[in-house]
Amino acid sequence: MSDEDAGDPKTFDLNFKGPVAKRSCTDVLCCIIFILCIIGYIILGLLAWVHGDPRRVAYPTDSKGHFCGQKGTPNENKTILFYFNLFSCTSPSVVINLQCPTTQICVSKCPEKFLTYMEIQFTYRTNKNYWTYYSQFCKSTFVKPAKTLTQVLLDDDCPIAIFPSKPFLQRCFPDFSTKNGTLTVGNKTTFEDGSGKTRNAIELRAAANRVNKILDARTIGMKIFEDYATTWYWILLGLIIAMLLSWMFVILLRYIAGLLFWVFMVGVIGIIGYGIGHCYQEYCNLQGQPNSHLTVYDIGIQTDISMYFQLKQTWFTFMVILCLLEVFIILMLIFLRERIRISIALLKEGSKAIGYIPTTLVYPLLTFIFLSICISYWAVIAVYLATSGVPVYKVITPEGQCKHENTTCDPEIFNTTEIAKACPGAQCNFAFYGGKSLYHQYIPTFQIFNLFVFLWLINFVIALGQCALAGAFASYYWALKKPDDIPPYPLFTAFGRAIRYHTGSLAFGSLILASIQIFRIVLEYLDRHLKEAQNNISKFLQCCLKCCFWCLETVVKFLNRNAYIMIAIYGKNFCKSAREAFNLLMRNVLKVAVMDNVTDFVLILGKILVTGCIGVLAFLLFTQRLPTIIEGPTSLNYYWVPLLTVIIGSYLVAHGFFSVYAMCVDTIFICFLEDMERNDGSTERPYYMSQSLLKILNEPSMQTKKP
């Protein structure tokens with residue numbers, strides 16, 4: 001043992017020959033709590049399923065709370081929402097209620113021409129087709145326009161005017177266009193609003209913009225949902241390609257680790273270079289474009305993310321970030337070339353272990369399935385919780401001056417109540433979904449519980465995979481004669497041991513990590529919602545807290561991974577395993593500094609390459625830049641939604657597969673350190689490590705056990 005590895009004396013079992021076979025359950029209390037949380041999570045899912053209705057996210061809702069386009073209802077073929085009087089949407093009550101104070105009905109198509117009710121009464125006598133067209137925008141079918149304009153306004157049966165419109169987000173909005181610099185609607189700048197007033201397109205646009213703000217506040221989730229519904233199969237295809245590409249790289253690492261590293265390096269540099277070139281091209285294309293010189297500060301926070309991509313500042317920022325990343329990687333390659341050479345040799349040694357236990361290459365698929373189940377369950381519960389409740393109707397008046405404004409009402413009997421008499425023109429319209437039951441009052445708490453248990457399960461699945469892989473690779477390392485002494489089905493055996501004996505320990509480590517992550521999410525939430533009320537000191541403290549908890553999470557992940565390796569080898573509880581792993585690493589801190597980070601850097605290059613390749617292909621597909629090769633999805637609200645999903649998903653898939661090598665190298669390294677401390681390289685106590693591993697770590701004079 002070298003001087004740098006000398007530490008406190010420690011007593012070892014000299015007969016130790018591999019992972020302990022006889023074990024007992026560890027951290028039983030945490031295991032019980034974990035199981036109870038899972039049971040509660042299942043119960044929460046059942047409650048959310050009973051009370052929630054995800055159709056409320058997918059379909060617009062009329063004034064009576066009925067869905068537009070819902071199958072099996074009279075509105076099945078009426079998929080678009082139509083506003084009777086869009087001008088009323090400029091009312092101040094819109095800001096308070098997030099609801100336009102006008103009747104809204106479901107229609108099959110938007111109006112395509114200018115018509116008023118008064119015009120229809122005159123033209124009906126000569127051409128009944130006009131009324132047939134106009135009546136489809138009324139609440140119910142009328143034989144003829146017999147009612148006067150006053151009666152129509154009082155009964156609210158039909159709109160007093162319709163304008164040329166186009167469907168947008170399943171809602172009818174005026175068909176605006178610009179003619180010689182002047183805003184027009186249906187090629188008209190002014191028109192009759194049906195009540196005898198002359199209106200212009202600017203007034204109508206102001207009303208439409210107010211509705212757009214309502215939609216931005218209420219239906220951003222729906223737009224994202226629509227994009228996912230359109231592109232889910234492309235996203236799935238991208239993840240499958242990422243899985244196959246990662247699998248190919250992992251297999252090739254066994255045979256050509258050195259060559260593959262240079263492929264990683266050149267590929268990553270090339271991908272980032274492409275990104276720099278694309279950002280520069282977009283920056284140049286925006287030169288001279290109106291409003292492209294504005295900054296993010298000038299336009300403020302926008303829900304339409306595409307607006308940010310119309311600014312030169314955005315692309316310039318992206319270009320600078322990518323340039324810095326490119327320079328950083330090149331400098332890392334230059335200054336760490338010797339350590340990278342050692343890490344490549346260590347990866348080759350790990351390849352031998354994977355070659356003897358090839359089933360480990362399949363395990364990431366199992367982890368991927370488990371993670372997919374957890375993510376899907378969390379997303380479904382979140383949607384069902386968000387859509388839980390019954391329709392709530394509120395009194396809305398055009399001017400917002402009624403004393404009963406914003407009070408709840410019953411649309412079935414509203415016209416016979418005193419409110420309708422006291423507030424002429426008031427309507428009882430659908431407002432939102434909610435309720436006053438105990439379940440509805442605690443929905444925010446249930447959402448927090450849903451998020452916390454989700455993080456706990458995600459970390460547990462990752463911990464289970466790390467412990468199972470560590471047990472399998474430890475069996476390889478401590479086998480006297482490889483592969484003869486490697487136990488049969490080492491991965492299956494290690495997985496069974498982890499589930500049977502160490503569920504509590506894995507849950508304990510996952511709980512610590514999930515607690516830190518939920519606290520970081522709370523900090524982000526508070527920062528976003530209290531940003532305007534913060535002074536410079538509070539902002540500084542907030543940044544310090546974020547930085548500290550990020551560092552804490554990184555350290556805990558590192559310690560947890562090594563603790564799981566010790567659990568897989570010795571079968572002790574989490575705290576003892578974490579303490580022993582920490583002490584072992586501290587006694588060999590220089591070797592850890594040389595091996596661990598550089599090996600991770602090599603593997604990260606592989607992850608970036610896989611993610612970059614899939615990300616570039618997804619970008620070209622979702623932005624319609626591959627029409628001659630393959631036609632991608634069209635009419636997306638936000639192309640960056642599926643793009644980011646593919647990029648993040650590809651990285652997670654690549655991380656899952658490359659984590660096999662990471663765990664293999666980490667386990668072999670921990671076993672190597674244990675081997676160095678247990679044995680002295682003499683004939684009586686030779687090392688278990690191979691000669692090649694001794695050569696990698698500059699210990700050529702030591703002896704190993706002969707197979």
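A disulfide here is a pair of cysteine sulfur atoms within 2.5 Å. C551 is in no disulfide either, as the nearest cysteine sulfur, that of C547, is 4.3 Å away.

This is a predicted model, in which local features need pLDDT of at least 70 and side-chain atom pairs count only at pLDDT 80 or more, while totals for chains, interfaces and linings use all residues. Residues are numbered from 1 along each chain as its sequence is written, and side-chain values use heavy atoms, without hydrogens and water.

The whole structure has 3 disulfides. C68 and C106 form a disulfide with sulfur atoms 1.9 Å apart. The torsion about their S-S bond is about -75°, so this disulfide is left-handed. Both cysteines are buried, where buried means under 20% relative accessible area, exposed over 50% and partly exposed in between (1.4 Å probe, protein chains only).

In the disulfide of C138 and C158, the sulfur atoms are 2.0 Å apart. Its torsion is about 115°, so the disulfide is right-handed. C138 counts as buried at 7% relative accessibility, and C158 at 5%. By contrast, C551 is partly exposed, with a relative accessible area of 34%.

Helices can now be considered. They are DSSP runs (H or I, at least four residues), numbered from the N terminus, as are strands (E, at least two). Helix α13 covers residues 363–386, and its buried residues include Y363, P364 and C374.

Terms used: The expected span of a helix is 1.5 Å times one less than its number of residues.
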